[in-house]
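Subject: Handover of a structure and findings

Dear colleague,

Please find below the structure that I am handing over to you.

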Amino acid sequence: MNQADIRCAGGGLFGFDISSMSGVLATSAYTNYFNVNGGYLQGAITGAMAGGSFFGTLASSFIADKMSRKTAIQIAAVIWIIGSIFQTAANGIALLVFGRVVAGMGAGVASAMVPVYQAEIAPKEIRGRVVSLQQFAITVGILVQYFIQYGSSFIDGGPKNPNQSTLAFRIPWGIQIFPATLLAVGMCFVPYSPRWLAGQDRWEEAIRVLANLHGNGDIGHPKVLAQYREIEEAMTFEREVGDSAFKALTQPRMMSRVILTVSIQMWSQLCGMNIMMYYIVYMMQAAGVHNLLLTASIQYILNVVLTLPAILFLDTWGRRPSLLYGAFSMMILLFVVAILEAIYGVPNPRTDPSLNHISWLIIDNPPVSRAIVACSYLFVCTFAVTWGPTSWTYASEIFPTGIRAKAVSLATASNWAWNCALAFAVPSLFQKINWRMYIVFGLFNLCAFAQVWLTVRETKGKTLEEMEEVFESGRPAWRGVSRGSRLDRLQRDIAEGTVKVRLSGRRYQEL
């Protein structure tokens, strides 16, 4: 297992979080033991983890700036383990909710700091690919947890057995401890972020890490020296400005970026993916699908597989086109589902008590049911290729080092806040506005498309230190940015000898 695999285990915690309820909702063991069947109570249980993640995310920047990104991720793993133990041992709703809040705090810290760490150590040419591994790990975590739940659902004769053992949900929740343990131990073997080290005036350590990451251990490599110079110049500028991290966030030039990243994370939840992950069982029931868990499992597989193209090509096709294409396509697919359910659906006749949490059904119409399932699959595929990886990548790369952790924590807090709100609200939306819910989320995608068109600037191929030029160029977002990178030119000058860099302690000198 390489270092990227270890670091991305943090994303796996997020994935385990997202699907930690989806597979147990249809089991008799869960519904009978906790005496819950949809509505606000189920929304509160599901949303408890996202609520904990919200607060964990806000705290993450303080840990990461003081103790390092690496240590923050390890602390997140320990918190997740504690929360998972409480969930597994839950003897009622109160302890279950408490365990989910605690585990959520760990997931919140990891989900904010893993992308920051990845962005700070990745070469600019593949930064999108490296940070996208976070989303891939999320999808793998979703898939693995779902199939663990799917397999556990067959305990004691299957999910319909009213006397099914509580092992049907305790086993999936207990297994969550293992990826967190892997993360906590594995992070001992990865380096500190060179940009964090530079911020702590540990320049000799920073140059060694840069050499190992970008120069095969050669401190004198032109790329290493060019990267070193860029980082130091950026650090010097930040210190000359002298603003605290929180004051810097409120400056107009930074506030616009904060609003942008907070909005992107908000839209990544309001686009409708939340429905597809947390409450896919409810959606399939409303569509008249009978083999719920198997049909839903295909969706989770697609989510994993279609994340791979984004990992491979995000640095080629860019962030802005990904967000635009994704928002438009998801809007169309949600509108199609709404139209199908509005035309062919009927009010729930309430003849099956297991469907009382849904008010609108497709009854005995296999072609329409298959069309809705197909739209849900296409929706997930679209999100996996576009908004899933891009939303994490963009937030982690557009801020200066001194405020990056705090800015990304705010953006990620937005993700978790809306995640929590939707986890709580969606079960009631299935009851109260049924098919109209898809229109609402479709309109959210339309708003996301408009904001991306007007405000998102392309960042592919630029170093983290070049983001000031990208955002302060004065050009409209839709006009694009200049091609090439300042780092490439500096590296070429160093290699040709026109610029010489001598390292002396923490300083370089041009000769």
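The notes below set out what was found, topic by topic.

This is a predicted model, in which local features need pLDDT of at least 70 and side-chain atom pairs count only at pLDDT 80 or more, while totals for chains, interfaces and linings use all residues. Residues are numbered from 1 along each chain as its sequence is written, and side-chain values use heavy atoms, with hydrogens and water left out.

Nonpolar cores

In soluble globular proteins, nonpolar side chains tend to be buried together. A nonpolar core is here a set of buried Ala, Val, Leu, Ile, Met, Phe, Trp, Tyr and Cys residues joined through side-chain atoms within 4.5 Å. Buried stands for under 20% relative accessible area, exposed for over 50%, and partly exposed for what lies in between (1.4 Å probe, protein chains only). The largest such core contains 86 residues, and Tyr30, Trp387 and Phe430 have the most contacts inside it. Helix α18 (residues 319–344) contributes the most to this core, namely 9 residues; helices (H or I, at least four residues) and strands (E, at least two) are DSSP runs, numbered from the N terminus.

Contact means heavy atoms within 4.5 Å. With neighbours within four places in sequence set aside, the contacts of phenylalanine 430 include Ile275, Tyr279, Tyr282, Met283 and His357. Others in contact with phenylalanine 430 include Ile358, Ser359, Met437 and Tyr438.

Packed helices

Two packed helices are described by the angle between their axes and the distance between the axes. Axes are lines fitted to C-alpha atoms, for helices over the stretch in contact, and angles run from 0 to 180 degrees between N-to-C directions. Helix α13 (residues 252–270) and helix α22 (residues 436–455) have axes that come within 10 Å and cross at roughly 155 degrees. Helix α13 is therefore roughly antiparallel to α22; angles under 35 degrees count as roughly parallel, over 145 as roughly antiparallel, 65 to 115 as roughly perpendicular and the rest as oblique. From α13, the contact involves Ile259, Leu260, Ser263, Trp267 and Leu270. From α22, Phe441, Phe444, Cys447, Ala448, Gln451 and Thr455 take part.

Helix α4 (residues 69–88) and helix α7 (residues 167–175) form another pair, with axes that come within 8 Å and cross at roughly 170 degrees. These two helices are therefore also roughly antiparallel to each other. Here Ser84, Gln87 and Thr88 of α4 meet Arg170, Trp173 and Gly174 of α7.

Cysteines

Two buried serines

Serine 61 lies in helix α3 (residues 39–67) and is buried, with a relative accessible area of 1%. Beyond neighbours within four places in sequence, serine 61 is in contact with Met113, Ala405, Lys406 and Ser409.

Serine 414 belongs to helix α21 (residues 401–432) and is buried, with a relative accessible area of 8%. Leaving out neighbours within four places in sequence, serine 414 is in contact with Val262, Gln265 and Met266.

Loop residues

Asparagine 216 is found in the loop between α10 (203–214) and α11 (222–241). Although not a glycine, asparagine 216 has a positive phi of about 55 degrees, and its relative accessible area of 80% makes it exposed.

Arginine 350, in the loop between β1 (346–347) and β2 (360–361), likewise has a positive phi, near 60 degrees, in a residue other than glycine. Arginine 350 is partly exposed, with a relative accessible area of 44%.

Glycine 288 sits in the loop between α15 (280–286) and α16 (292–305) and is partly exposed, with a relative accessible area of 24%. Not counting residues up to four places away in sequence, glycine 288 touches Ile362 and Ser369. Glycine 288 and proline 366 are 78 residues apart in sequence, and their C-alpha atoms are 7.8 Å apart in space.
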